[in-house]
Amino acid sequence: MCGIVGYIGARKAQSVLLDCLGKLEYRGYDSCGIAVLNDGIEVRKDAVRVKALAKALAPLNGTTGIGHTRWATHGEPSKVNAHPQCDCTGRIAVVHNGVINNFQKLREQLAEEGHTLASQTDTEVIPHLIEKYYDGDFVKAVERALKDIEGSYTMIALMAGESRLVAARKDSPLIIGIGDRENFLASDVPALLDYTSRVIYLEDGDIAVVNAGGVRVKNNGSPIVREEHKILWSVEDAQKGGYEHFMLKEIHEQPRVIRDTLAEYIASAEPIADLTAAGGTGPEDLLILACGTSYHAGLVGKYIIEGLVKIPVRCEMADEFNYAGQVSARNKALVITQSGETTDALKAVKKLKEAGCEVIAITNVVGSTASRLADRTIYTRAGPEISVAATKTFLGQLIALYWLALPYARVDIRRLDELVRELRQLPVKVQQVLDNEAAIADIARQMAGYENIFFIGKGINYPVALEGALKLKEISYIHAEGYAAGELKHGPFALLGSRTPVVAVVAQDNTCEPVITSIKEIKARRSPVLVLMSEGDDDTAELADFVITVPQIDPLFSPVVNSVALQLLAYYVAKQRDCPIDFPRNLAKSVTVE
Ligand code: F6R
């Protein structure tokens with residue numbers, strides 16, 4: 001995690017850096033800082049958010065600088081641990097995103113050699129190593145320092161007296177924004193949208209020397225040309241557009257996300273990806289890997305593909321798979337990652353590829369690492385997602401999974417037509433859920449006083465319960481757990497009672513009756529029940545203490561409308577509890593550490 005930025009040009013670096021950092025806070029926000037080149041290097045940092053730092057700073061004069069917003073890994077959030085980190089002389093400053101595995105050994109060596117390290121961070125060894133190897137050539141000193149480092153070290157270095165920035169990418173993203181006699185560096189595209197739409201994506205192992213007039217990139221000691229890309233996201237995409245929070249804006253964007261994502265898939269005459277297994281005659285042995293919300297999308301995908309294509313699908317958490325998962329060259333794998341940069345997901349891609357397995361990535365970020373490692377990429381067209389809690393990218397992933405499965409569906413042509421028609425209706429149905437926002441907000445206010453809430457669902461809505469619980473816990477800090485409806489009685493029943501409500505997702509398929517049975521059992525243990533169900537199901541409504549209705553829909557697509565309703569529920573509970581919705585404590589949007 002952590003967001004890093006750099007600027008070199010004619011503008012005042014301070015305001016560019018702080019502006020770009022503000023747009024990277026979704027990557028980490030426990031402390032932040034900037035270093036600006038003036039006569040020497042001026043460092044300003046603190047354990048505060050970017051806005052507070054900006055407010056506290058007097059203007060600095062330089063037009064070259066680097067900045068950082070932190071998600072702590074080594075050392076608590078504090079002024080001394082905030083980046084930039086400097087060498088002994090204060091002439092070299094570094095911002096870093098990643099984890100240096102051998103930092104303890106390097107610290108000890110540097111201390112023995114007379115360096116004084118002030119922070120608890122792993123990062124601080126980098127400026128000291130650059131200082132150690134500096135013999136008049138800044139770039140060579142950085143290259144030499146990086147040779148000593150094991151781990152992930154995407155970083156930017158600045159040195160007094162040098163009119164250039166030296167950046168390196170290893171295991172987390174770094175892009176260069178190309179301007180007119182000015183250049184930018186950032187962890188991610190949204191930081192730069194106000195300044196340029198021309199970017200270069202650096203690859204692992206790249207070292208870039210950036211000055212106002214140009215960029216030189218080397219990999220493995222040899223110069224290399226990295227292609228320039230045009231960014232299609234607009235500035236407005238990364239702004240709140242009148243909403244109080246990015247999360248609410250992103251929830252409301254979902255009809256548009258479904259339309260844009262579908263429009264792109266429909267325009268292609270071919271299936272968006274070939275599910276046929278290597279050497280096989282039809283799709284088989286499909287493996288889905290992902291983390292967090294993307295994992296929940298993968299679980300929904302398992303039900304979609306098993307239901308339509310009638311093949312067994314394994315869906316695993318990427319991190320678990322990386323340690324214990326078995327895979328053969330016959331497997332075909334889908335790796336789902338909205339950012340395309342999650343370390344656990346990328347490790348899974350690498351493991352799959354080493355096993356000779358073909359990998360299809362589903363991601364929202366063009367040019368992301370996942371898209372470059374995978375054999376084929378399916379893009380969701382959600383636009384930049386700024387809120388830490390994923391919403392619209394989750395929906396985009398579901399749409400990709402439906403569209404992926406449909407060409408292989410073992411159903412008759414009438415049913416296929418019906419499914420495609422229903423899929424095209426989804427933007428309207430999601431809009432109807434959004435139109436019910438005031439009623440959901442009202443129920444949310446009544447739920448906001450509880451401290452423990454269970455979510456249950458069955459079949460294709462079991463992952464919806466998991467996702468509903470995840471959304472609620474991450475933004476409202478209420479302890480929430482998602483369970484398969486039939487599983488709650490195997491232990492968690494011990495926790496039921498009048499202070500532990502249960503949110504039950506009821507769908508109009510063969511899971512309806514068993515979920516209603518579970519609701520009756522829960523009511524008998526005095527837990528208040530909030531039922532999420534289709535309009536018109538009066539019998540089920542009678543069982544409930546609270547009811548949220550969604551439009552009637554083919555059960556295969558019910559996860560789409562149900563998830564949107566649960567996103568709104570989580571949002572309004574968190575709002576009632578006055579939580580920092582877009583930036584929940586301890587989290588970051590892009591998890592680029594193991
Ligand atoms: C939760 C959330 C996370 C991410 C997870 C994977 O709202 O956003 O659980 O889903 O960190 O991220 P990606 O999809 O970028 O691999």
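This is a predicted model: local features need pLDDT of at least 70, side-chain atom pairs count only at pLDDT 80 or more; totals for chains, interfaces and linings use all residues.
If you follow the chain from E2 to E3, you pass through a hairpin of three residues. Now select Ile34 and look across to E3, where Arg44 stands opposite Ile34.

For the second stop, select residues 392-405, which make up helix H12, and then pick out Ile399 within this helix. Is Ile399 buried or exposed? Its relative accessible area is 0%, and because buried means under 20%, Ile399 counts as buried. To see what lies around Ile399, show Ile258, Thr261, Leu262, Tyr265, Leu423 and Leu426, with which Ile399 is in contact when its neighbours within four places in sequence are left aside.

For the last stop, select the ligand and the 14 residues around it, of which Ser294, Thr337, Ser339, Thr342 and Glu474 come nearest. Take three of these residues in turn, looking each time at an N or O atom of the side chain: in Ser294 such an atom is 2.5 Å from an oxygen atom of the ligand, in Ser339 the distance to a ligand oxygen atom is 2.6 Å, and in Thr337 it is 2.7 Å. Finally, view the ligand with the protein surface shown: on its own the ligand has 410 Å² of accessible area, and the protein covers 91% of that area.

Definitions and conventions
Residues are numbered from 1 along each chain as its sequence is written. Side-chain values use heavy atoms; hydrogens and water are left out. Two strands pair if DSSP finds at least two bridges between them. Helices (H or I, at least four residues) and strands (E, at least two) are DSSP runs, numbered from the N terminus. Buried means under 20% relative accessible area, exposed over 50%, partly exposed in between (1.4 Å probe, protein chains only). Contact means heavy atoms within 4.5 Å. A residue is near a molecule or strand if one of its heavy atoms lies within 4 Å of it. A polar contact is a pair of N or O atoms within 3.5 Å; within protein, one must be able to donate a hydrogen and the other to accept it, and residues adjacent in sequence count only if both atoms are side-chain atoms. Accessible areas come from the Shrake-Rupley method with a 1.4 Å probe; for residues, only the protein chains shown count as cover.
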